[in-house]
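Student: I have a structure on the screen and would like to learn how to read it. Please take the features one by one.

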Amino acid sequence: MNQCLICESEYQSFVDFGDMPIANAFATKETLNDEYTFPMKVGFCENCNMVQLVEQPDRERMFHENYAFFSSTSNYMKDHFKRFANSVSKLQGLDKNSFVVEVGSNDGIMLQNFVTDNIPCLGVEPSKNVAEVARKKGVEVITEFFDQPLAENIIATHKKADAILSANVMCHIPYMHSIYDGVKVLLKNDGVFIFEDPYLGEVIEKTSFDQIYDEHVFLFSALSISHLANMHDLELIDVEYQITHGGSMRYTIAHKGAKKVSENVTNLIKREKKLGLDRAKAYSSFSDNVDQIKDDLIKLLKTLKNEEKKVVAYGATSKSTTVTNYFGITPDLVECIYDTTPIKQNKFSPGMHIPVLPYEQFHESDPDYVLLFAWNHAVEIMKKEESYMSNGKHWITYIPKVEID
Ligand code: DWN
Ligand code: SAH
């Protein structure tokens, strides 16, 4: 029996990806034959509307001193977080007497903007290597996992927060009740908790199944977040769609009754109900849709192999661990992956062992086709590579369906 992480009801899974490795555990020659895997299945709880991983590896296996994702690898995301920080400053009227806490601050991509503006802030980031990069930017960071006891510690050592922020982190944390209890105590009476994550509605609509991997334990909607907030005497007061990571939602939460609830919330909940995101039926064709993409992509890669075309990939994303392992994409079909992140380079992709090479070598490689694993950064990457790709090379993308540029 599967028991919901939020409301403890029994629920059914709707997609099974089989055994998966840790998405960011890039292998070395020594670790190639010693990879941890877990059974990756996703289910939907009809009682509280939460979509969730049935099993998730222990957090220490995923977030540690060798965490492989550095947020500042995308220039678009740097601008995005600058705009995010500015919008919070404006909303809450932040100044030198305010206090901002970010959960999962990574390399300081968001908080560096508050440092520049002299607004006191604190990052909470358990992955020590990325936290160290933030410290070098002048950001104060606690290298621990955020939860209710840590929130109490922050009040004791610092003070209550005018804003608690988080991006692409809440969906990583299975112990949501401890997080919301922590938010409840840490947030000032007129404070706001603002976070964004990949949006369930987009994942279902676009079949962006690769947003599902070990780290992403939840796919949120306004329905599930308002339910969760209510359980903790908090309230969802606003929602705002974001184009980042293939379609995300920014949720604003306040103490219950403290602020006016925007009609954006009621409108989105109405739309989600119309789409049926509160019923199991909405998820019933997801698995078949994933398999259609799988069949189309594997067929294309096999045809290109038979034609002796050179196929490489771009962006050793966490998402691509689901794609390569579920589809069975080996170095036989995709020769290598180019990526700008030093800690991933000259290693092998988790599970399928595709070599990850430094981005600098991409321009010497002369491929016929480039499979874009970082499809969520397509606009930024395609612009950057426009002149290189113009000379008879082709992009391959696969969300929402397999396409050649
Ligand atoms: O939720 C999460 C998001 C925010 O980031 C985490 N669980 C882990 C991570 O997910 P991801 O690995 O799927 O994220 P990205 O941002 O799609 O990864 C992009 C990858 O591509 C990075 O390894 C950097 C690389 N890259 C590159 O080589 N050239 C990215 C850009 C923009 C480029 O121009
Ligand atoms: N906010 C960044 C990083 C997202 S990656 C961005 O949007 O780019 C997810 C981050 O969450 C990792 O850096 C990981 O170490 C961190 N994390 C995971 N569990 C956490 C927890 N309980 N508290 C704080 N951070 C956590």
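The dialogue below goes through the ligand sites, a helix, some backbone angles and the surface.

Student: What should I know before I start?

Tutor: This is a predicted model, in which local features need pLDDT of at least 70, side-chain atom pairs count only at pLDDT 80 or more, and totals for chains, interfaces and linings use all residues. Residues are numbered from 1 along each chain as its sequence is written, chains are lettered from A and ligands numbered from 1 in the order in which they are written, and side-chain values use heavy atoms, with hydrogens and water left out.

Student: How do I read a ligand site, and which residues come nearest to ligand 1?

Tutor: A residue is near a molecule or strand if one of its heavy atoms lies within 4 Å of it. Ligand 1 has 25 residues around it, and E215, K319, D339, K344 and K384 come nearest. Helix α13 (residues 378-384) gives the largest share of this shell, 3 residues. Helices (H or I, at least four residues) and strands (E, at least two) are DSSP runs, numbered from the N terminus.

Student: Which side chains have an N or O atom 2.7 Å from ligand 1?

Tutor: A polar contact is a pair of N or O atoms within 3.5 Å; within protein, one must be able to donate a hydrogen and the other to accept it, and residues adjacent in sequence count only if both atoms are side-chain atoms. In the side chain of H172, an N or O atom is 2.7 Å from a nitrogen atom of ligand 1. The side chain of S318 has an N or O atom 2.7 Å from an oxygen atom of ligand 1. For N376, a polar side-chain atom lies 2.9 Å from an oxygen atom of this ligand. On its own, ligand 1 has 710 Å² of accessible area, and the protein covers 97% of it. Accessible areas come from the Shrake-Rupley method with a 1.4 Å probe; for residues, only the protein chains shown count as cover.

Student: How many residues surround ligand 2?

Tutor: The number is 21, and the closest are S71, E125, S127, A167 and N168. An N or O atom in the side chain of S127 is 2.8 Å from an oxygen atom of ligand 2. A polar backbone atom of F146 is 2.9 Å from a nitrogen atom of the ligand. N106 has a polar side-chain atom 3.1 Å from an oxygen atom of ligand 2. The protein covers 98% of the 570 Å² of accessible area that ligand 2 has on its own.

Student: Is N106 buried or exposed?

Tutor: Buried means under 20% relative accessible area, exposed over 50%, and partly exposed in between (1.4 Å probe, protein chains only). N106 counts as buried because its relative accessibility is 6%. This residue sits in the loop between β5 (100-103) and α3 (111-116). N106 is not a glycine, yet has a positive phi of about 50°.

Student: Where is N118, and what is its phi?

Tutor: N118 is in the loop between α3 and β6 (121-124). Its phi is near 60°, a positive value in a residue other than glycine. N118 counts as exposed because its relative accessibility is 59%.

Student: How do I read a peptide bond, for example the one that joins I399 and P400?

Tutor: Look at omega: here the bond is cis, with omega about 5°. P400 lies in the loop between β18 (394-397) and β19 (403-404).

Student: Why is helix α11 described as largely enclosed?

Tutor: In α11 (residues 319-327), 9 of the 9 residues are buried, so the rest of the structure largely encloses the helix. Its buried residues pack against β2 (10-21), β3 (37-44) and α10 (286-306).

Student: What does A134 contact?

Tutor: Contact means heavy atoms within 4.5 Å. Apart from neighbours within four places in sequence, A134 is in contact with N106, D107, G108, V139 and V141. A134 lies in helix α4 (residues 128-136) and is buried, with a relative accessible area of 0%.

Student: Where is I243, and is this residue buried or exposed?

Tutor: I243 is in the loop between β11 (234-242) and β12 (248-255). At 60% relative accessibility, I243 counts as exposed.
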